[in-house]
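Have a look at the model first.

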Amino acid sequence: MTDPSQPAENDRMRRQTFHNAALLAPILAVAFVSALGAEVPSSEPSRQLPPGPLGEAVELGRRLVNETSDHPLSAPFVGNDLNCTSCHLDDGEHPTAGSFLGVATAYPAWSPRENRVITLEDRVLNCFMRSENGIRPPNGSEVSVAISAYITWLSQGESIAMNPDQPLGPNAVEPVRLDPATADVDRGADLYETHCAACHREDGLGSDDGPPVWGDRSYNRGAGLSQNVKLASWLKVAMPLGEPILTEQEALDIAAYVNSQERPEFVLEEHLGTQKPHAAP
């Protein structure tokens, strides 16, 4: 006698087999293409260096971003042990932690701090004065042109959207929304010990695993990160490295503790080098 449930069961098994095959098809296709040695298409846009001297300048810019304090071209303009990539993670290619992606589209931009419109090159050179606690390289120098070329290269294909409010690109760090007055330095000290000291040392002077976060070899009081909200916003998306787990309040407390420590003062005239641009104190 025929089991009346058998046709339904057979139909269910056929549907399941078809479903499994549909799921496996893309995986098998990738494996087959890879086995032949062909390149598997990627959903990520590829970036190829421009040919000739322009490509060489872009590649030099990448190296300067990564080796700012050591490279013979940029080191004379740096006054601490930080590199651009100390804050702009992954050579600026991190999507949220100080990302360079799309930044060039925002310039020229209005700068409230300087009360004028600035170029991307201006913004790069200001970082040498403040975050690098150094002196401003000359406009048009190999250093500033190469770094600007690299950042521009990372913005290829994006629409121009000049920023009339502030010199920030489309992937700028989202600010924390806490009242800065709620920061607790004592809580921040405990949190720093838990989450930060292993890489940056208990004395904040840095190690092979992390740059100095205070002291003479860190950023000065003119840097953006010397403001608790800005540092907290960056910590929230970037630290601990590779596993950002801090709440907004924890990030703000750590920022308050870090910025309560000694670091270089910022006197504009001491950082201008041979140039006298319009710049804010």
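Let's start with Tyr257, which is buried at a relative accessible area of 15% (buried means under 20% relative accessible area, exposed over 50%, partly exposed in between, with a 1.4 Å probe and protein chains only). Keep in mind that this is a predicted model: local features need pLDDT of at least 70, side-chain atom pairs count only at pLDDT 80 or more, and totals for chains, interfaces and linings use all residues. Residues are numbered from 1 along each chain as its sequence is written, and side-chain values use heavy atoms, with hydrogens and water left out.

**Aromatic cluster**
- Tyr192, Trp214 and Tyr257 come together as one aromatic cluster.
- The structure has four aromatic pairs; rings of Phe, Tyr and Trp (its six-membered ring) pair if their centres lie within 6.5 Å, and planes under 30 degrees apart count as stacked, over 60 as edge-to-face and the rest as tilted.
- One of them is tilted, because the ring centres of Tyr192 and Trp214 are 5.2 Å apart with the planes at 45°.
- Tyr192 sits in helix α6 and Trp214 in the loop between α7 (197-200) and α8 (228-238), so this pair ties together parts 22 residues apart in sequence.
- Both are tucked away: Tyr192 is buried at 2% relative accessible area, and Trp214 is buried too, at 8%.
- Trp214 also pairs with Tyr257, this time edge-to-face, at 5.6 Å centre to centre and 90° between the planes.

**Helix packing**
- Helix α6 (residues 185-195) packs against helix α9 (residues 248-259) at about 95°, with the axes 7 Å apart; axes are lines fitted to C-alpha atoms, for helices over the stretch in contact, and angles run from 0 to 180 degrees between N-to-C directions.
- α6 and α9 are therefore roughly perpendicular (65 to 115 degrees).
- Residues making the contact (heavy atoms within 4.5 Å) include Leu191 and Tyr192 of α6 and Ile254 and Tyr257 of α9.

**Whole chain**
- The chain has nine helices and two strands, where helices (H or I, at least four residues) and strands (E, at least two) are DSSP runs numbered from the N terminus.
- From the N terminus, the order is α-α-α-β-β-α-α-α-α-α-α.
- Buried residues account for 41% of the 281 residues.
- Among contacts between residues at least 6 apart in sequence, 64% join residues at least 24 apart.

Notes:
Angles under 35 degrees count as roughly parallel, over 145 as roughly antiparallel, 65 to 115 as roughly perpendicular and the rest as oblique.
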